[in-house]
Amino acid sequence: MSLAEPEILSVTETTRQIKNLVEANFPYAWVVGEISNCTIASSGHVYLTLKDDSAQLRAVIWKRTASRLKFQLEDGMEVVAAGPVEVYQARGTYQLNIEQLIPQGVGALELAFRQMQEKLAAEGLFNPEHKQPIPQFPRKIALVTSPTSAAVRDMLQVITRRWNAADLVIVPVAVQGEGAAEQIASGIELAARIPYVDTIITGRGGGSLEDLWAFNEEVVARAIFACPIPVISAVGHEIDISISDLVADRRALTPSEAAELSVPLQSDVLATLTHWQSQLVTNLKQRARQVRLQLDAIAARPVLTRPLDMVHQRADQVDELDRRLKRSTREFINRCQTETRHLASALDALSPLKVLTRGYSITRKQSEDESSKWNIVKSISQVKQDEVLHTRISDGTIVSQIKEIQEDS
């Protein structure tokens, strides 16, 4: 008796049967493991490996599913992945096509919130120096929210009750669901371009974390940070904190509180104005009394009550100065005359003519030098016989001719 010959299968047939067997038994599997070798392809698909202490499983997240993930994938993250197990026949490998991914130990949205908070905090989007002050008296307020929500009705009621001087404009956007984050970001950018808008409020009423998630998206956070107009964020209730709250210029616990923060209370402003008006009137009256006292004091001065007294006083001073000037002038002239007489006497005493009155004389002869007309005769050696001499005495001049010259022995 011969044994039946074994069925010989091709590689393709073998792989096909394995594929049918595996995919039939694992149409949707839930697998827990640690992410490793996580790679995001340029196509948007995510390739990774799930592993534990003893084995590993290749997995893929197609672009459509990956784009809906709220958190970022990181190596070492513990997750529960769900999806069909498929065999890639061309390479003879199998992989888990992940359609759901849940982080272990923390919810997916909570993890996504923490990751986004850490990322934006590292970039400085929450830093106080970037916060803009909210205008105290806004001219126009833009409400970026759902136009049909209870939150927008509350904000309109609060603002119009507190301060009816501000214009209000509603920028309608979806506040939850697919594409809501992009609408909110676009609404903030649009509100900033509306003329005279100086305050923007964005937010919504309470809800679950999933309902509020649009305000945790990065696109909304960056739109608020880039907005040149101050933004108040009011998302959910007091216990709800969103990324928008952290990056906004001011956080409100509720939409109603955001409305209160955006405008002053009209009665408080009127009371303050009344107080300052009263204070101003009081100060002006007090100042007027001070000025009146000063004017009265000035008016009581003699220069104003008896103005001619000063004229007479100045006239007396002028007369006194005139008398002093004349006296000083006479004294100066007398002193000069006395000094002149003294000098004349001194000069007269030194005058050669004075000497002549005592019997002395000066004998001169005509000079032969053209530079001088007369020469004074001091020696007999200067004269010769028959020479003409001119002798000056006290009362005239004697002209004589030399007859004889005698030398003292």
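Visitor: Is Asn37 buried or exposed?

Guide: In this predicted model, a residue counts as exposed when its relative accessible area is over 50%. Asn37 has a relative accessible area of 55%, which is over that cut-off, so Asn37 is exposed.

Visitor: Where is Asn37 found, and what is the value of its phi?

Guide: Asn37 belongs to strand S1, which covers residues 29-40. Although Asn37 is not a glycine, its phi is positive, with a value of about 50°.

Visitor: Which loop holds Tyr196, and is Tyr196 buried or exposed?

Guide: Tyr196 is found in the loop between helix H5 (180-193) and strand S10 (197-204). Phi of Tyr196 is also a positive value in a residue other than glycine, near 70°.

Visitor: How many disulfides does a search of the whole structure find?

Guide: A disulfide is a covalent bond between the sulfur atoms of two cysteines. Cys227 has a relative accessible area of 6%, under the 20% cut-off, and so is buried. Cys336, with a relative accessible area of 28%, lies between the cut-offs of 20% and 50% and is therefore partly exposed. As for disulfides, the number that a search of the whole structure finds is 0.

Visitor: How many helices and strands are there in the protein chain, and what is its radius of gyration?

Guide: The protein chain contains 12 helices and 16 strands. For its 409 residues the globule rule gives 22 Å, and the protein chain is well over that value, so it is more spread out than a compact globule. Its C-alpha atoms fill a box of roughly 210 × 80 × 35 Å, taken along the principal axes. The radius of gyration of the protein chain is 61 Å.

Visitor: What percentage of the contacts with a separation of 6 or more comes from residues 24 or more positions apart?

Guide: As background on burial, 30% of the 409 residues of the protein chain count as buried. Among the contacts in the protein chain with a separation of 6 or more, the part that residues 24 or more positions apart account for is 60%.

Visitor: What part of the accessible surface belongs to carbon and sulfur atoms, and how far apart are the mean positions of the positive and negative charges?

Guide: The accessible surface of the protein chain comes to about 26900 Å², and carbon and sulfur atoms hold 54% of it. The protein chain carries 45 positive and 51 negative charges, and the distance between their mean positions is 15 Å.

Key. Residues are numbered from 1 along each chain as its sequence is written. This is a predicted model: local features need pLDDT of at least 70, side-chain atom pairs count only at pLDDT 80 or more; totals for chains, interfaces and linings use all residues. Side-chain values use heavy atoms; hydrogens and water are left out. Helices (H or I, at least four residues) and strands (E, at least two) are DSSP runs, numbered from the N terminus. The radius of gyration is taken over C-alpha atoms; the globule rule is 2.2 Å times the number of residues to the power 0.38. Buried means under 20% relative accessible area, exposed over 50%, partly exposed in between (1.4 Å probe, protein chains only). Contact means heavy atoms within 4.5 Å. Accessible areas come from the Shrake-Rupley method with a 1.4 Å probe; for residues, only the protein chains shown count as cover. Lys and Arg count as positive and Asp and Glu as negative; His and the chain ends are not counted. The place of a charge is taken as NZ of Lys, CZ of Arg, CG of Asp or CD of Glu. A disulfide is a pair of cysteine sulfur atoms within 2.5 Å.
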